[in-house]
Amino acid sequence: MIGCADLIGAQTTGGNTLSDDAEIIAYILKDVGIAAVSGSAYELSPFFCIFNRCLDGCS
């Protein structure tokens with residue numbers, strides 16, 4: 001899990017304020033294109049998890 005407490009209260013480039021880990025992962029998905037799971041889904045807020053998987057052309 002990745003700690004994101006320092007990002008709570010930060011503003012996105014669009015001017016939105018990130019108020020919790022769920023908003024942080026929504027921003028990461030929408031603006032960066034990376035899917036993540038909020039720690040609050042596991043009662044581990046303010047953390048999130050990024051899973052990686054090779055979908056094509058892995059060696």
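Among contacts in the protein chain (heavy atoms within 4.5 Å) between residues at least 6 apart in sequence, 31% join residues at least 24 apart. The model is predicted: local features need pLDDT of at least 70, side-chain atom pairs count only at pLDDT 80 or more, and totals for chains, interfaces and linings use all residues. Residues are numbered from 1 along each chain as its sequence is written, and side-chain values use heavy atoms, with hydrogens and water left out.

Read from the N terminus, the elements follow the order β-α-β-β. Of the 59 residues in the protein chain, 20% are buried; buried means under 20% relative accessible area, exposed over 50%, and partly exposed in between, with a 1.4 Å probe and protein chains only.

The three strands form an open sheet in the order β1-β3-β2, with antiparallel pairing; two strands pair if DSSP finds at least two bridges between them. β1 (2-3) and β2 (37-38) are at the edges with a single partner strand each, so one side of each has no neighbour in the sheet. Two bridges join β1 to strand β3 (residues 47-49) in the antiparallel sense. G3 has F47 in β3 as its bridge partner.

The loop between β1 and α1 contains T12. T12 is buried, at a relative accessible area of 11%. Leaving aside residues up to four places away in sequence, T12 touches L18 and Y27.

Next comes the helix. α1 has 12 residues and spans 15 Å from its first C-alpha to its last, close to the 16 Å expected at 1.5 Å a residue; the expected span is 1.5 Å times one less than the number of residues. D21, I24, I25 and I28 are the buried positions in α1. They cover an arc of only 95 degrees around the axis, which puts them on the same side of α1; the arc is that of the directions from the helix axis to the C-beta atoms. The buried residues of α1 pack against β2 and β3. Just after α1, G33 adopts a positive phi of about 85 degrees.

The largest nonpolar core consists of seven residues: C4, L18, I24, I25, I28, A36 and F48. Helix α1 (residues 21-32) gives the most to this core, with three residues. A nonpolar core is a set of buried Ala, Val, Leu, Ile, Met, Phe, Trp, Tyr and Cys residues joined through side-chain atoms within 4.5 Å. In soluble globular proteins, nonpolar side chains tend to be buried together. I28 touches G33, I34 and F48, when residues up to four places away in sequence are not counted.

E43 lies in the loop between β2 and β3 and has a positive phi of about 60 degrees although it is not a glycine. E43 is exposed, with a relative accessible area of 75%. P46 is also found in the loop between β2 and β3, and a cis peptide bond with omega of about 5 degrees joins S45 and P46.

Notes. Helix = DSSP H or I, 4+ residues; strand = E, 2+ residues; numbered from the N terminus.
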